[in-house]
Amino acid sequence: MLSVVTSVYRTAQFLEAFAARMDQAARACELENYEIIFVVDGSPDDAVAVLQDLKARYPAIRVIELSRNFGHHPALWCALEQARGELVFLADSDLETPPEILVELLANLTDDTDVTFAFQRERIGSLLGRWSSRAFWRLFSALAEVRVHPGMLTERLMRRRYVDAMLEMQEGTLFLAGMMAWVGFRQVPVAAIRTPRQGPPSYTWPHRAALALDAITSFSTVPMKLLFLAGAGLAGVAMLCGLILMAMKLIEP
């Protein structure tokens with residue numbers, strides 16, 4: 001059985017095409033026994049209504065509506081927890097990466113491979129977006145204790161044992177790219193071509209900054225060491241100032 005898992009936030013306009021193309025891709029892979037799990041992450045559009053209509057045409061659709069917007073990674077994690085298939089395909093529902101990448105990912109999933117994941121050689125988007133993304137990944141690579149493949153995308157096809165191992169991680173803060181690399185197993189990259197998203201992005205700059213901070217603090221001890229050194233330095237300066245004041249008092253006539 002194949003489980004397709006995705007999150008929904010401001011992507012109602014893409015859901016019908018996503019479901020249709022996902023159905024075609026699964027059938028092209030001879031995986032007619034499949035489910036599509038949509039986790040609606042507090043989306044302010046009519047995504048739930050759209051999905052309820054789509055369920056009449058695609059009975060394999062399962063809809064999980066979260067009580068509010070928790071964020072992209074927590075929503076995907078929720079979807080992974082609900083997946084029942086021996087193969088799990090993780091994807092974004094905004095169609096930037098074509099759902100048909102499933103065919104290539106499955107073709108590269110050999111008997112001795114646990115995961116195939118999509119990556120892009122050249123990032124798309126605005127100049128500022130591309131620059132900030134490169135800057136973040138360079139900083140993450142320099143500080144983090146795990147290596148993430150450059151250009152890695154959300155889309156990946158995973159065997160059940162890999163998914164189960166990842167779900168056993170007790171992380172308070174979720175940064176999936178780091179967790180997926182840290183858990184190990186045999187992973188194979190597959191090049192993909194993305195297209196720019198139609199409409200406003202779901203990630204605002206404050207969300208991007210918060211995710212970047214969570215990523216670095218979750219997978220690097222450098223920030224904690226810097227805070228310790230800064231605290232120790234301030235304590236040393238305070239102690240020195242105290243000793244100087246005591247000495248001045250003692251030598252006063």
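Start by selecting Ala 47, Leu 51 and Leu 54 in helix α2: these residues are buried (buried is under 20% relative accessible area, exposed is over 50%, and partly exposed lies in between, with a 1.4 Å probe and protein chains only). They share one side of α2, because they cover an arc of only 60 degrees around the axis; the arc is taken from the directions that run from the helix axis to the C-beta atoms. Keep in mind that this is a predicted model, where local features need pLDDT of at least 70 and side-chain atom pairs count only at pLDDT 80 or more, while totals for chains, interfaces and linings use all residues. Numbering runs from 1 along each chain as its sequence is written, and side-chain values use heavy atoms, with hydrogens and water left out.

What lies over the buried residues of α2? Show β1 (2-8), α1, β2 (34-40) and β3 (61-65), which are among the elements that cover them. The names come from DSSP runs numbered from the N terminus: helices are H or I with at least four residues, strands are E with at least two.

**The α1 and α2 pair**

Next, select helix α1 (residues 15-28) together with helix α2 (residues 47-57). Their axes come within 10 Å and cross at roughly 30 degrees. So α1 is roughly parallel to α2, given that angles under 35 degrees count as roughly parallel, over 145 as roughly antiparallel, 65 to 115 as roughly perpendicular and the rest as oblique. Each axis is a line fitted to C-alpha atoms, for helices over the stretch in contact, and the angles run from 0 to 180 degrees between N-to-C directions.

To see the contact (heavy atoms within 4.5 Å), pick Leu 15, Glu 16 and Ala 19 on α1, then Ala 47, Val 50, Leu 51, Leu 54 and Arg 57 on α2. Colour this set by type and you get six nonpolar, no polar and two charged residues. Here Ala, Val, Leu, Ile, Met, Phe, Trp, Tyr, Cys and Pro count as nonpolar, Asp, Glu, Lys and Arg as charged, and the others, Gly among them, as polar.

**Around the loops**

Step on to Ala 60, in the loop between α2 and β3. Leaving out neighbours within four places in sequence, Ala 60 is in contact with Tyr 34, Glu 35 and Ile 36. Ser 3 is 57 residues away from Ala 60 in sequence, but 9.6 Å away in space, C-alpha to C-alpha.

Arg 10 sits in the loop between β1 and α1; its phi is near 55 degrees, a positive value in a residue other than glycine, and Arg 10 is partly exposed at 39% relative accessible area. Glu 30, in the loop between α1 and β2, isn't a glycine either, yet has a positive phi of about 60 degrees. Glu 30 is exposed, at 67%.

**Over to α6**

Jump to Leu 167 in helix α6 (residues 160-167). What does Leu 167 touch, not counting residues up to four places away in sequence? Trp 77, Leu 80 and Glu 81. Leu 167 is partly exposed, with a relative accessible area of 22%.

**Zooming out**

Finally, show everything: nine helices and seven strands, with 43% of the 253 residues counting as buried.
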